[in-house]
Amino acid sequence: MKRIFGILAVITIVLPLQATAQDGTVARAQFTSGILDREPVDSMMTLNSQTDRIFFFTELRNMEGRTVVHRWELNGEVMAAVTFDVRGPRWRVYSSKELLPEWSGAWQVSVVDETGTVLDSEMLNYASN
C-alpha cells in the first residue's frame, strides 16, 4: 500500500510540470531601446521625447507551432498588433513602435496567444516633454 501511494505522489508532482511545459511560457518580455544579435540592449520603463522609437522583446519557450501577437496599447486604446508564428522551442521576437510627441502616456504591450489569452504584459511611460 505504501509503494502505491509513493508512485501516486510522484505522478501527481510530475504531471503538472509536464502540462506547464506543453502550454509554453513567456521567458522574458521587456521594452528596450534596441536589439543587437536578437537580444535587447537594455531594459526601459520610461521614455522621454529624446527617443522616438521603442522596441518590445519577447522570448517564448515551448510554443512551437503557435501564434502570438504583440498588442501595443496607449492609455487603453489599441494602436498596433504585430503577429508572429513561433517556429522553434525557444523563439525570440520583437516589434517596434515609432512614437509621436502627441502619443505621451501609459503604453502597454501584451503578449497574446491565438486563443486571445494574455500571456504577459509590460508597461512603459512615455513623456513627450
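Let me start with Leu74, which, once its neighbours within four places in sequence are set aside, is in contact with Met79, Trp103, Ser104, Gly105, Ala106 and Trp107, where contact means heavy atoms within 4.5 Å. Leu74 sits in strand E6, and strands (E, at least two residues), like helices (H or I, at least four residues), are DSSP runs numbered from the N terminus. With a relative accessible area of 9%, Leu74 is buried; buried means under 20% relative accessible area, exposed means over 50%, and partly exposed covers what lies in between, using a 1.4 Å probe and protein chains only. Between Leu74 and Tyr126 there are 52 residues in sequence, while their C-alpha atoms are 9.5 Å apart in space.

Before I go on, please keep in mind that this is a predicted model, in which local features need pLDDT of at least 70 and side-chain atom pairs count only at pLDDT 80 or more, whereas totals for chains, interfaces and linings use all residues. Residues are numbered from 1 along each chain as its sequence is written, and side-chain values use heavy atoms, with hydrogens and water left out.

Now to the aromatic rings. The structure holds 5 aromatic pairs, and here rings of Phe, Tyr and Trp (for Trp, its six-membered ring) pair if their centres lie within 6.5 Å, with planes under 30 degrees apart counted as stacked, over 60 as edge-to-face and the rest as tilted. One of these pairs is Phe31 with Trp72, which is edge-to-face, at 6.0 Å centre to centre and with 70° between the planes. This pair links distant parts of the chain, since Phe31 is in strand E1 and Trp72 in strand E6, 41 residues apart. Phe31 is buried at a relative accessible area of 1%, and Trp72 counts as buried at 1% relative accessibility. Trp72 also forms an edge-to-face pair with Trp107, at 6.2 Å centre to centre and 75° between the planes. Because Trp72 lies in strand E6 and Trp107 in strand E9, this pair ties together parts that are 35 residues apart in sequence. Phe31, Phe56, Trp72, Trp103 and Trp107 form one aromatic cluster.

Let me turn to the strands. In E5, 7 of the 9 residues are buried, and E5 is mostly covered. E1 and E5 pair in the antiparallel sense over 7 bridges, where two strands pair if DSSP finds at least two bridges between them. Gln30, for example, has Phe57 in E5 as its bridge partner. E5 is also joined to strand E8 (residues 90-98) by 9 bridges, and these two strands run antiparallel; Phe56 stands opposite Ser95 in E8.

What about charged side chains? A salt bridge is a side-chain nitrogen of Lys or Arg within 4 Å of a carboxyl oxygen of Asp or Glu, and by this rule the count comes to 10 salt bridges. Among them is the one between Arg28 and Glu39, at 2.9 Å from N to O. Arg28 in strand E1 (residues 25-32) and Glu39 in strand E3 (residues 39-40) belong to distant parts of the chain, 11 residues apart. Both ends are partly exposed, Arg28 at 27% relative accessibility and Glu39 with a relative accessible area of 23%.

Finally, Arg66 forms a salt bridge with Glu114, the closest N and O atoms being 3.0 Å apart. Glu114 is partly exposed, with a relative accessible area of 46%.
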